[in-house]
Amino acid sequence: MTQSSPWRIEARALVTLAIPMIAGNVAWSGIAATDLLLVGRLGAEAVAAGALAINLFNALLIFGLGLVTAAAPLIASERGRRRHSVRDVRRTVHQTLRAAAFFVLPAWLILWHCEAILRAMGQEPDLAREAGHLMRGMQWALLPFLCFTTLRNFISALERPLWGLIIMLLAIPFNVLVGWALIFGHLGLPALGLLGAGIASTLSSTFLFLGLLTVILVDRRFRRYRLMGRFWTRDRDRQRAVWTLGLPIAITLGLEVTVFNASAFLMGLIDRESLAAHAVAIQIASLVFMVPMGIGQAATVRVGVAYGRADPAAIGRAGWLALIVGTGFAMAAALMLVLIPRPLVSIFLDVHDPANLATANLAVSFLAVAALFQLVDAAQAVGAGVLRGIQDTKVPMIFALFGYWIIGIGVGALLAFPMGLHGVGIWFGLAAGLGTVAILLIARWSLRDRLGLVLR
């Protein structure tokens with residue numbers, strides 16, 4: 001390829017956009033990791049209770065994140081049509097923020113009854129009670145984090161994602177400080193335990209939102225969009241567009257994440273060691289997943305801009321390059337999980353403590369299976385991202401329902417209980433579900449022209 005090759009140009013644009021987004025995702029996961037590190041010092045029982053609460057919280061958080069994700073392809077396609085559009089970009093941001101607020105109200109009501117919900121699911125009463133304490137402080141983080149994510153989608157769709165990364169990096173030490181103070185009772189504050197961990201999460205999410213909002217209001221590159229201007233103006237057409245595109249994304253992400261949540265609840269039916277090991281292994285796998293997730297987010301923007309220009313060749317280049325880069329990284333990540341699983345587990349758990357031996361060994365066995373599905377996990381994440389760029393979200397939602405729940409949970413439950421593989425069987429089921437969705441998404445992307453997805 002020559003220096004001026006369209007493929008080389010697209011590759012440079014994709015990587016330039018993806019790197020800050022990947023780093024931002026890792027920073028986001030790093031905030032969750034520091035929470036686990038702090039809670040882990042309270043003991044394995046606190047880790048297990050925290051896993052239950054966080055899984056319930058994440059089920060609603062991820063649904064909300066899917067809803068506000070609609071901002072990225074809408075803004076990107078608008079930039080493809082009119083490079084310097086201001087009003088339509090502002091309309092999308094306003095209506096996405098309002099959609100987030102509409103969603104949060106019933107979500108808060110659900111999370112307020114965390115303990116009762118966990119008891120109804122058959123979890124141990126003492127673990128459900130401790131999980132409820134954590135949720136009392138954490139549930140309020142939902143709105144500021146969704147608002148932060150909307151603003152992050154805004155600057156990312158403008159292909160200026162660096163400030164999102166900077167704010168998230170600043171949030172990590174802030175989260176450690178307030179978590180350390182509130183959980184263990186430092187800096188003159190009472191030791192609140194799991195409740196303190198929840199309050200720290202809310203404060204950290206508020207820090208993220210207010211920090212990025214301040215940048216957008218001050219930086220001249222963002223200030224021209226006047227995001228706070230005419231904020232309360234009703235705009236039914238754009239609100240409908242956000243929900244039409246965002247709701248299927250929300251359901252898709254909700255189906256994916258609740259599969260992992262359901263797997264945690266199934267682990268809780270096995271024993272506490274399996275649940276704690278699952279929490280550690282999922283945290284490690286989630287850190288690895290941040291890279292293909294970021295590539296998929298970048299691909300949504302790059303494909304979306306080409307879609308707005310009505311340029312099928314550019315759409316294809318952006319999508320295939322993202323898939324190649326994402327699966328290439330996954331191969332390296334799978335090798336790492338195979339070669340050094342115990343050192344990775346030791347980051348979150350004292351593997352030399354005899355009391356943690358069973359949990360550590362289970363976590364290592366779970367990571368061996370996680371290495372097997374790194375490729376398909378990356379492929380389905382990037383595949384969903386490129387399809388969102390062409391605003392194709394409804395059929396992928398159906399793929400997710402079939403793959404994650406019918407295949408994933410079905411195979412996992414069968415292997416875990418009737419066939420006696422326990423926790424490892426659940427992880428094999430997750431791999432089967434992810435693989436099914438990956439195949440279906442890439443097949444649809446390959447047939448996009450024949451299916452008329454790029455014609456408008």
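Contact here means heavy atoms within 4.5 Å. By that rule, and leaving aside residues up to four places away in sequence, His278 touches Phe260, Ser263, Ala264, Met267, Phe366 and Trp427. The model is predicted, so local features need pLDDT of at least 70 and side-chain atom pairs count only at pLDDT 80 or more, while totals for chains, interfaces and linings use all residues. Residues are numbered from 1 along each chain as its sequence is written, and side-chain values use heavy atoms, with hydrogens and water left out.

His278 sits in helix α12. Helices (H or I, at least four residues) and strands (E, at least two) are DSSP runs, numbered from the N terminus. His278 counts as buried, at 3% relative accessibility. Buried means under 20% relative accessible area, exposed means over 50%, and partly exposed lies in between (1.4 Å probe, protein chains only). Met267 is 11 residues from His278 along the chain, and the C-alpha atoms of the two are separated by 7.4 Å.

Not counting residues up to four places away in sequence, Trp427 touches Met267, His278, Ala281, Ile282, Phe366, Val369, Ala370 and Phe373. The relative accessible area of Trp427 is 0%, so this residue is buried. Phe366 is buried as well, with 0% relative accessibility.

Aromatic rings were examined next. Rings of Phe, Tyr and Trp (its six-membered ring) pair if their centres lie within 6.5 Å; planes under 30 degrees apart count as stacked, over 60 as edge-to-face and the rest as tilted. This rule gives 9 aromatic pairs. Phe366 and Trp427 make a stacked pair, with 5.7 Å centre to centre and 10° between the planes. The pair links distant parts of the chain, 61 residues apart. Phe366 lies in helix α15 (residues 357-372), and Trp427 in helix α18 (residues 422-446). Elsewhere, Trp108, Trp112 and Trp140 form one aromatic cluster.

The nonpolar interior follows. A nonpolar core is a set of buried Ala, Val, Leu, Ile, Met, Phe, Trp, Tyr and Cys residues joined through side-chain atoms within 4.5 Å. The largest such core holds 150 residues. Leu142, Phe154, Val345, Ile390 and Trp427 touch the most other members. Helix α12 gives the most to this core, with 17 residues.

Charged pairs were also searched for. Side chains of opposite charge can pair when their charged atoms come close. A salt bridge is a side-chain nitrogen of Lys or Arg within 4 Å of a carboxyl oxygen of Asp or Glu. The whole structure contains 14 salt bridges. One of them joins Glu10 to Arg302, with the closest N and O atoms 2.9 Å apart. Glu10 lies in helix α1 (residues 6-40) and Arg302 in helix α12 (residues 272-308), so this pair ties together parts that are 292 residues apart in sequence. Both Glu10 and Arg302 are buried. For Arg302, the relative accessible area is 15%.

Arg302 also meets Glu159 in a salt bridge, at 3.1 Å from N to O. This pair, too, links distant parts of the chain, 143 residues apart. Arg302 is in helix α12, whereas Glu159 is in the loop between α7 (142-157) and α8 (162-184). Glu159 is partly exposed, with a relative accessible area of 25%.

A further salt bridge connects Asp88 and Arg82, whose closest N and O atoms are 2.4 Å apart. Asp88 is buried, at 10% relative accessible area. Arg82 is partly exposed, at 45%. Both belong to a network of salt bridges that links Glu78, Arg81, Arg82, Asp88, Arg91, Asp235 and Arg238.

The surface carries a nonpolar patch of about 460 Å², made by Leu335, Met336, Val338, Leu339 and Ile340. Patches are made of residues with over 30% relative accessible area and no salt bridge: like charges are joined within 9 Å, nonpolar side chains (Val, Leu, Ile, Met, Phe, Trp, Tyr) within 5 Å. Accessible areas come from the Shrake-Rupley method with a 1.4 Å probe; for residues, only the protein chains shown count as cover. Val338 is located in helix α13 (residues 312-339). Val338 counts as exposed, at 51% relative accessibility.

Ala59 is placed in helix α2 (residues 44-68) and counts as buried, at 16% relative accessibility. Ala59 touches Thr258 and Asn261, not counting residues up to four places away in sequence. Val259 is 200 residues from Ala59 along the chain, yet their C-alpha atoms are separated by 9.3 Å.
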